Amino acid sequence: MLLVQKLEYYDHLTPNEQTVAHYLLDNQHRIQDISISEIAKETYTSLSTTVRLSQKCGYQGWKELKKALIEEISYLNKETTHVDANYPFQPGDSIFKIAKNMSSLLTESILDTYQLLDHDRFQKAILLLNSCQTINVYGITHPISVAYDFKLKMRTIGKTVNIVEDEDAYYYHSFFTTKDTCSLFISYSGETLELLDAMKRIKQKGYPLIALTSIGDNTFSKLADTWLPISTKEKLSNKISTFSSNISIHYLLDLIFACVFKHDYQRNIELRKDISHEMDQERFSNVSLLKDEDKK
């Protein structure tokens with residue numbers, strides 16, 4: 001859940017904490033300059049009220065909450081192409097209007113994902129994946145469909161990827177997970193209940209755990225050893241489809257494959273050549289652009 005959403009939902013807050021939350025939301029445009037003393041003065045509350053609010057949002061104190069809020073507001077207010085990720089086209093749009101909007105949305109989603117990348121978190125994910133021979137990818141519906149392409153790519157360099165996509169599989173794969181298996185959980189919300197028990201079981205074992213999830217505060221990013229942010233432009237349900245999040249997940253998985261491939265680049269190039277030589281002998285094209293150099 002996004003931090004601004006936590007501040008908007010008052011059920012878990014006292015009246016004084018609600019007042020502080022309301023003040024922060026009303027003053028998002030100048031959050032950088034707001035001090036805890038100013039909050040107390042302007043809201044007629046104590047310094048400890050803001051500290052308690054911060055802790056209820058998952059942070060140790062005001063400084064941590066402020067930093068997270070600044071980063072999130074900056075992301076949400078970032079300039080875009082103004083294509084609605086939830087409804088990128090309307091009933092009266094022409095074919096080429098839809099094509100243009102979809103092109104803009106998908107391009108923007110990839111760029112957004114790239115800009116959200118954190119070097120240290122991503123590097124840790126690659127180190128974990130390189131240390132394991134088997135990768136179990138957990139997910140449901142749309143996210144897991146993207147993972148099948150990842151499985152096929154990884155297979156070409158000798159990495160085993162298991163797609164874990166039903167409740168029985170969640171249980172058994174997490175129960176029998178070993179230290180040589182890296183578990184990759186994909187959840188846009190980061191709160192998918194069907195996956196949570198499996199994730200906690202693996203966490204308790206202390207085995208490698210990576211999450212692909214939305215920005216903001218969520219359970220999956222907290223449980224994982226490292227996590228990679230998905231472009232967060234879509235509503236959970238109120239949308240035509242998962243256009244933006246799916247292309248973001250696909251980009252992240254392609255990026256993971258590319259970096260794992262690079263880890264042993266020459267070996268993997270030779271593997272690809274050997275596999276291609278054995279499996280693609282019957283493939284041909286009369287288009288010169290498509291022909292391999294050694295087959296001209």
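Helices (H or I, at least four residues) and strands (E, at least two) are DSSP runs, numbered from the N terminus.

## Model and conventions

This is a predicted model: local features need pLDDT of at least 70, side-chain atom pairs count only at pLDDT 80 or more, and totals for chains, interfaces and linings use all residues. Residues are numbered from 1 along each chain as its sequence is written, and side-chain values use heavy atoms, with hydrogens and water left out.

## Overall build

The protein has 13 helices and five strands. Its C-alpha trace spans about 80 × 55 × 35 Å along the principal axes. Of the 296 residues, 43% count as buried (under 20% relative accessible area; exposed is over 50%, partly exposed in between; 1.4 Å probe, protein chains only).

Take contacts (heavy atoms within 4.5 Å) between residues at least 6 apart in sequence: 69% of them join residues at least 24 apart.

## Largest pocket

A pocket is an open set of points on a 1 Å grid over the protein atoms alone, with protein on both sides within 12 Å along at least five of seven lines; lining residues have an atom within 4 Å of a point. The largest pocket has a volume of about 670 Å³. That volume is the space filled by probe spheres set on the points, which are joined across faces, edges and corners.

The lining holds 21 residues, with A68, E71, R121, G216 and W227 nearest the centre. Elements giving two or more residues are α5 (62-76), α6 (95-116), α11 (219-223) and β5 (226-230). α5 gives the most, with six residues. By class, the lining has eight nonpolar, five polar and eight charged residues. Here Ala, Val, Leu, Ile, Met, Phe, Trp, Tyr, Cys and Pro are nonpolar, Asp, Glu, Lys and Arg charged, and the others, Gly among them, polar.

## Strand β5

Five of the five residues of β5 are buried, so this strand is largely enclosed by the rest of the structure. Both faces are covered: T226, L228 and I230 lie on one side, W227 and P229 on the other.

β5 runs parallel to β4 (residues 209-214), joined by five bridges. Two strands pair if DSSP finds at least two bridges between them. I210 has T226 of β5 as its bridge partner.

## Y44

Y44 sits in the loop between α3 (36-43) and α4 (47-56). Its phi is near 60°, a positive value in a residue other than glycine. Most residues other than glycine have a negative phi. Y44 counts as exposed, at 78% relative accessibility.

How values were computed. 1 Å grid on protein atoms, 1.4 Å probe; cavity = no way out; pocket = protein on both sides within 12 Å on 5 of 7 lines; lining within 4 Å.
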